[in-house]
Amino acid sequence: MSKKQRTAIEPTRAEDYPQWYLNVIKAADLAENSEVRGCMVIKPWGYTIWENIRDTLDGMFKETGHKNAYFPLFIPKSYFEKEAKHVEGFAKECAVVTHSRLEDDGEGGLKVAGKLTEELIVRPTSETIIGASFARWINSYRDLPLLINQWANVVRWEMRTRLFLRTAEFLWQEGHTVHATKEDAVEETLRMLDIYTKFTEEWLAIPVIKGEKTESERFPGAENTYTFEAMMQDRKALQAGTSHFLGLNFAKVFDIKFQNREGVEEYAWTTSWGVTTRLIGAMVMTHSDDDGLIIPPRVAPSHIAIIPIYRSEEEEKAVMEYVGKLVDGLKAQRYDEKRIIVEVDNRDTTSSEKGWYWIKKGIPIRIEIGPRDIENNSVFMGRRDLSPKEKKSIQMDEFIQTVPDILQDIQNSIYNRALEYQKEHTKKIDDWKKFVQFFTPKNSEKPEIHGGFAHSHWCGSAECESKVKDELGVTVRVIPSDGDEEAGHCVVCGEPSNRRVIYAKSY
RNA sequence: CGGGAUGUAGCGCAGUCCGGUUAGCGCGCACGGUUCGGGACCGUGAGGUCGGAAGUUCGAAUCUUCUCAUCCCGACCA
């Protein structure tokens, strides 16, 4: 009988995936639930990841001509009422401000007072209030395209919340653009989708499948919604972000019009697109293992943890001096055009405790420095993409010289691992029985990790879509953009179909 | 908002059925010592209005009623 190997995170992924996810976040100290229901406190280690995501995307947005602005948190209720589908989609989850102050209730507490004449909605998304501004900003075709982005918080009063994946308040960016022609607007929608997928794959190391949403999964008020979906390690799909072609829907209700070259007034075409702190949840669930978080080096708050090892004061002096040299050498290096960030862990605790601490935090490289390393002019390195025990000695100069390559190698290796996992659990299924089997756990009491992405035909009918949803809890996640057009038969009803789509259970 | 469960120290729990000294245990935390190259150990200590309110009782974490909150399962979602 083999004794179960101790893992840093318990339960393991296989034992209880949702609990594992929460424990990884807790062990890495990324975030915690707050006193306010459904809201989270993002702690420094988690927030720095968000800052890195934000800064990188912000650069990409600016490179493609977008400018940042900021619009109010509060939206007059009347604005919100203008787009019927939009209201329908968001009404149930809005926080509403009805009063403007608090008064002494005479019993040591406070009561609300100052009822507002028009109630304010705390933005769940800003199409309406930004649309109202755009209507004033735009007069001529010369004002177009208008390419605006904002970094903000939004509130959606969700019934069930989970750290990073779905919280009542979350951080995001929302791009809002206006174009003279439909073609320009569609092109913008797809451009931003490409930027998102590039970022998600190359920075977060998460392989995604991009494409269109079906009508039923569309953003409320959009003509077309594009998405990119990632497979988590429980094989469920996570919508990592969306880009919407809004057509003339918002232009018509907010009166976003311009005079064209001929002097004729026309409605303008708008888009919106966003990604959120959910990306951090996607990162956690894609890469982490039973020993805790694994952060892709390109977004890591810190790249290297150095753990000094010594017993006596003389050893401490020598080790710290050697560590100082190493730190200086590393600081002169660049990875991904940025400084390499190093943590020297000189806390008063054991070295193995420190080692596990940094493993759980997901730092890409751990370095142990002790008297032996000084003798050999080496460092002792562990990589987070390898097993905790798999550590090796390497010459200090060589380490300093090659550290950018090592980091990029870790970045690539976790991407490839995730891609392999996604491929392994994406199956072409053309038979309803097999389809049902694919999405049915063997143990219905305590469902094991099962299923994945079913790459199957869909006739395009809403009936078939709702049948799989009702019977299996499975939805069409995405109609992939490339390479899936082929003749076949709908896996549900058997009617002719001209393309495969991705079906999956999802978050 | 429907169905189920749970509220006891920072975290995880026992104690509740069957009321009875000063409410326990593990982890964590603080201090002292021995340790420290793979999750250390010993000793000492701090920390609780037992979710809240009312009731029954000589006596309530324990019984009754009400209430609040959280979690899980549904419907909704980045």
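For the classification of residues used here, Ala, Val, Leu, Ile, Met, Phe, Trp, Tyr, Cys and Pro count as nonpolar, Asp, Glu, Lys and Arg as charged, and the others, Gly among them, as polar. In the predicted model, the surface near RNA strand B comprises 16 charged, 13 polar and 10 nonpolar residues by this scheme. RNA strand B is surrounded by 39 residues, and the closest are R37, Q239, W356, G370 and F380. Two or more residues of this surface are given by each of the elements β11, α10 (351-361), α11 (371-376) and β20 (378-383). Of the elements, α10 gives the most, with 7 residues.

The overall dimensions of chain A were examined next. The chain contains 26 strands and 14 helices. Its C-alpha trace spans about 80 × 60 × 60 Å along the principal axes. For 507 residues, a compact globule would have a radius of gyration near 23 Å, and the 26 Å found for chain A agrees with this expectation. Buried residues account for 41% of the 507 residues in chain A. Among the contacts between residues at least 6 apart in sequence, 68% join residues at least 24 apart.

Strand β11 (residues 237-247), one of the elements that give two or more residues to the surface near RNA strand B, also holds S243. This residue counts as buried because 28 C-beta neighbours lie inside 10 Å. When neighbours within four places in sequence are left aside, S243 is in contact with T189, M192, L193, Y196, Y226 and W273. The C-alpha atoms of S243 and E174 are 9.6 Å apart in space, although the two residues are separated by 69 residues in sequence.

An open sheet of 3 strands was identified with the order β4-β6-β5 and antiparallel pairing. Its edge strands are β4 (74-76) and β5 (96-104), each of which pairs on one side only. Neighbouring strands of the sheet are turned by 45° against each other on average, with direction ignored. In general, strands of a sheet pair through backbone hydrogen bonds, in either a parallel or an antiparallel manner. Strand β4 is joined by 3 bridges to the antiparallel strand β6 (residues 110-122), and P76 stands opposite L120 in β6. Strands β5 and β6, also antiparallel, are joined by 7 bridges; here E103 stands opposite K111 in β6. Of the 9 residues of β5, the number buried is 0, so this strand lies largely in the open.

Several local backbone features were found in loops. A cis peptide bond, with omega of about -5°, joins L144 and P145. P145 belongs to the loop between α5 (127-137) and β7 (146-155). A positive phi is adopted by two residues that are not glycine: R235, at about 70°, and E337, at about 65°. R235 is found in the loop between β10 (224-231) and β11, whereas E337 is found in the loop between β16 (334-335) and β17 (338-339).

Notes: Residues are numbered from 1 along each chain as its sequence is written. Chains are lettered from A and ligands numbered from 1 in the order in which they are written. This is a predicted model: local features need pLDDT of at least 70, side-chain atom pairs count only at pLDDT 80 or more; totals for chains, interfaces and linings use all residues. Helices (H or I, at least four residues) and strands (E, at least two) are DSSP runs, numbered from the N terminus. A residue is buried if 20 or more other C-beta atoms lie within 10 Å of its own, exposed if 12 or fewer, and partly exposed in between; C-beta atoms are placed from the backbone. Two residues are in contact if their C-beta atoms, placed from the backbone, lie within 7 Å. Two strands pair if DSSP finds at least two bridges between them. Axes are lines fitted to C-alpha atoms, for helices over the stretch in contact, and angles run from 0 to 180 degrees between N-to-C directions. A residue is near a molecule or strand if its C-beta atom, placed from the backbone, lies within 6 Å of it. The radius of gyration is taken over C-alpha atoms; the globule rule is 2.2 Å times the number of residues to the power 0.38.
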